[in-house]
Amino acid sequence: MNPVLKALEFRHACKKFDPERQIPRAELEEIIECARLSPSSFGMEPWKFLVIADPEIRQRLRPACWNQPQITDCSHVIAILTKPEAVKPDTDYIKAMFARRELGAEAEAAYLQRYREHMQAEVEPQMSYHAWASKQCYIALGNLMTAAAAVGIDSCPIEGFAKAGVEQALGLDGKQQQIAVLVALGYRAGAQTPRLRLSQEQLVEYL
Ligand SMILES: Cc1cc2nc3c(=O)[nH]c(=O)nc-3n(C[C@H](O)[C@H](O)[C@H](O)COP(=O)(O)O)c2cc1C
């Protein structure tokens, strides 16, 4: 069996974590590495990963997250943040991200122009920079959860929160750094709910 499929069959949105079990640091770092290696539009890596073990911060965070017990019971909460100001066209960040490719001045200028035009034509009319960056963050989220599942670590993606409340609890300014999504990581306590999915027949069309 494809090992990724095996991991995906193990993964479920864990509602009840064992509060006594902690993920070893080396395993945690390897899981985060899988998120770090995720692809992003134009290679802009518009994310940051805030790894929260501190019980006090998690107590503060929980009320902003519909009081969900996963926030305090899991081993670690990872907040995936966007950098919406940094990824606007022609910022120092964007310039540095293209410059690191060492393509030469002409190619670099062409990339900056392509990026600027794409953002102005396709992104700005449709969504905020936070929303655009969040789309990339969710790719990292998926890789992170699959990587965790591959080594028997449970997760729960968490979007059930009040954005401003989470940002306040985490001391984010809500401008340079904003919350895209949270993920709780740890080990399941007890049986999990059955998996419900539409079938391939309902979802897939071959042309
Ligand atoms: C972006 C996103 C946000 C979610 N937010 C929550 C959440 O706040 N709390 C929760 O218990 N589950 C949350 N879930 C889990 C979904 O409810 C779950 O993935 C879905 O019901 C399918 O179940 P399964 O993942 O166990 O197969 C979220 C899932 C995603 C992808």
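In which helix do Glu33 and Arg36 lie, and how many residues apart are they?

Mentor: Glu33 and Arg36 both lie in helix α2, three residues apart, which is about one turn of the helix. Helices here are DSSP runs of H or I with at least four residues, strands are runs of E with at least two, and both are numbered from the N terminus. The model is predicted, so local features need pLDDT of at least 70 and side-chain atom pairs count only at pLDDT 80 or more, while totals for chains, interfaces and linings use all residues. Residues are numbered from 1 along each chain as its sequence is written, and side-chain values use heavy atoms, with hydrogens and water left out.

Glu33 and Arg36 form a salt bridge, and their closest N and O atoms are 2.7 Å apart. The term means a side-chain nitrogen of Lys or Arg within 4 Å of a carboxyl oxygen of Asp or Glu. By this rule the count is eight salt bridges. Glu33 is partly exposed at 30% relative accessibility, and Arg36 is partly exposed at 47%. Buried means under 20% relative accessible area, exposed means over 50%, and partly exposed is in between (1.4 Å probe, protein chains only).

Helix α2, residues 25-36, also holds the pair Arg25 and Glu29. Their salt bridge has its closest N and O atoms 2.7 Å apart. Arg25 and Glu29 are four residues apart in the helix, so about one helical turn separates them. Arg25 is exposed, at 62% relative accessibility, whereas Glu29 is partly exposed, at 43%.

Another salt bridge joins the side chains of Asp154 and Arg188, at 2.9 Å from N to O. Asp154 lies in strand β3 and Arg188 in the loop between β4 and α9 (200-203), so this pair ties together parts that are 34 residues apart in sequence. Asp154 is buried, at 3% relative accessibility, and Arg188 is partly exposed, at 30%.

As for the surroundings of Asp154, four strands form an open antiparallel sheet in the order β1-β2-β4-β3. Two strands pair if DSSP finds at least two bridges between them. Strands β1 (47-52) and β3 (154-158) stand at the edges with a single partner strand each, so one side of each has no neighbour in the sheet.
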